[in-house]
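Let's walk through a structure together, one piece at a time. Keep the picture open beside you as you read.

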Amino acid sequence: MSISTNIWVWIAALLTLAIYSFLYKDNVFYKIAEKILVGVSIGYLLSVYWHNTIIAKVWNPLVQDKNFLVIIPLILGLLMFSRLFKGRAYISRIPIAFVVGTATGMSVPSSFENLFKQVQGTMPTVFSFGNIVILVGVITTLVYFFFSLEHKGFIGKVSKVGITFIMIGFGAAFGATIMARISLFIGRIQFLLRDWLGVIQ
Amino acid sequence: MMRIVDFLDNMDKRIIYLIVAIVVILPFLTPIGCPMKVTEPVRNIYNYVEDSIPEDGSILISIDYGPETMPELHPMGKALVTHAFSNNIRVFMLSLMPQGTGLAQDIIATTVREWNDDNPDNIKEVGKDITLFPFVPGVSAVILKMGEDIKGTFNTDAYGNDLDEVPIMSGVNNYSDIDYLVDLAGSSIILSWIIYANGRYDQKMAIGTTAVSMAEYYIYMNSGQANGMLGGLKGAAEYEQLLKLNEKSESRNEGLVGMDAQSSAHLTYIIFILLGNIIYFIKKKQEK
């Protein structure tokens with residue numbers, strides 16, 4: 001057993017324990033740790049965006065490389081701040097329209113391609129139990145979400161199979177969620193036992 | 001009998017937290033060595049790195065996660081980098097999330113140090129064998145621009161060196177010079193890589209994701225858009241197991257170490273769920 005002498009490890013360990021203390025009951029240590037997390041996260045993000053966007057993508061190209069084309073996105077970005085002025089807020093629609101238009105133009109063709117690949121992936125090329133399950137699952141689930149016909153008779157029976165598939169999917173997702181949450185706890189325990197207390201290798 | 005049922009029904013939830021904590025901590029102190037089977041999606045990634053990437057080939061690993069999912073995804077990154085080192089494959093790393101760059105730096109620092117300690121005759125260097133691109137905002141735009149010009153997208157590496165002068169970048173211009181892409185993420189950024197890098201540029205890729213998102217991304221293997229998947233801590237542990245079985249790694253394995261705790265916690269949860277249901281039905285019968 002060799003307890004860490006690194007002050008940052010101690011700070012991280014104590015903050016971890018402060019957060020977990022909430023499981024006993026709400027307390028001042030939890031609240032302090034919570035506020036530190038929010039403050040540090042925002043500070044870190046601001047710092048990264050300042051250095052990697054404002055300095056690297058605006059200041060350096062404009063001042064050092066004399067690339068004046070950067071002025072166009074810079075002005076569009078600055079127009080977003082017009083939302084702060086009540087009478088001029090409508091100006092912010094210009095950069096928003098630019099972003100929406102560009103993003104839509106980029107994503108529509110690729111999203112269609114993705115959809116077609118998914119449809120192709122559903123079609124069984126080899127006769128196997130797994131492929132049949134996928135095919136039946138997709139069709140019956142789609143029928144369950146088809147509301148133009150009343151879910152009675154044959155359609156009702158098929159949609160019941162569909163909801164069964166959906167429930168199995170939810171069950172699998174919930175089981176995986178438990179696994180994920182436990183993994184996060186394991187990560188913290190590993191840190192406390194190994195990096196802080198040094199009781200495991 | 002009814003006294004036990006009443007006690008369990010009214011049990012303070014903090015007792016359950018305590019039991020879970022004990023069940024997770026104990027296997028670290030006295031390892032059980034639970035058996036583990038390597039699944040096909042994990043084996044596919046291992047086999048692709050092993051058989052389809054030539055020596056001096058390249059792998060791009062995108063660290064698109066923050067500290068909140070680090071325990072699940074970080075061991076995957078370390079295992080992949082170690083595997084690449086053992087096959088003398090060049091490793092390029094980046095992050096499309098601001099928090100990810102720091103985590104990628106940690107992976108690089110840890111794996112390079114551990115590798116060099118274990119393999120003094122095959123020293124790995126940052127800039128020559130592995131590098132990290134800086135964070136650039138834009139997600140989809142960044143992925144698309146990398147398909148045209150990687151150096152033009154980032155200009156420098158995350159340590160401030162001009163990419164034209166970094167040895168590892170020699171001959172690397174766009175996705176056609178990258179043999180394999182693995183995106184490690186717990187968010188929809190995976191979908192952006194699939195749609196733009198795989199869809200538009202036909203980049204061969206695999207997914208590493210959290211257990212929560214596993215079910216969501218299985219469909220991309222079925223359609224052939226990804227050739228493998230590492231799911232949660234178990235996915236990382238399986239990859240570490242393959243590295244160990246094939247004598248590719250001698251270092252401590254975070255994923256494997258955690259699997260005993262994971263298994264015992266799952267067993268505890270199953271017992272709790274069964275107990276909860278039994279109590280529910282006994283109480284219901286009692287009310288009638």
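Before we start, remember that this is a predicted model.

Begin in chain B with strand β1, which covers residues 58-64. Is this strand mostly covered or mostly open? β1(B) is mostly covered, with six of its seven residues buried.

Now look at the strands that pair with β1(B). One partner is strand β2 of chain B, residues 90-94, and the two strands pair in the parallel sense over five bridges. To find one of these pairings, look for S62(B), whose bridge partner in β2(B) is L94(B). Another partner is strand β4 of chain B, residues 180-185, which also runs parallel to β1(B) and is joined to β1(B) by six bridges. Here you can look for I59(B), whose bridge partner in β4(B) is Y180(B).

Next, bring a helix into the picture. Helix α4 of chain B spans residues 70-86, and together with β1(B) and β2(B) this helix makes a right-handed β-α-β unit.

Finally, turn to the place where the two chains meet. How many residues of each chain are in contact with the other? The contact involves 35 residues of chain A and 40 residues of chain B. On the chain A side, α2 (28-64), α4 (93-122) and α6 (153-196) each supply at least two residues. The largest share comes from α6(A), which gives 17 residues to the side that touches chain B.

Conventions: Residues are numbered from 1 along each chain as its sequence is written. Chains are lettered from A and ligands numbered from 1 in the order in which they are written. This is a predicted model: local features need pLDDT of at least 70, side-chain atom pairs count only at pLDDT 80 or more; totals for chains, interfaces and linings use all residues. A residue is buried if 20 or more other C-beta atoms lie within 10 Å of its own, exposed if 12 or fewer, and partly exposed in between; C-beta atoms are placed from the backbone. Helices (H or I, at least four residues) and strands (E, at least two) are DSSP runs, numbered from the N terminus. Two strands pair if DSSP finds at least two bridges between them. A crossover is right-handed if, with the strands pointing away from the viewer, the path from the first strand over the helix to the second runs clockwise. Two residues are in contact if their C-beta atoms, placed from the backbone, lie within 7 Å.
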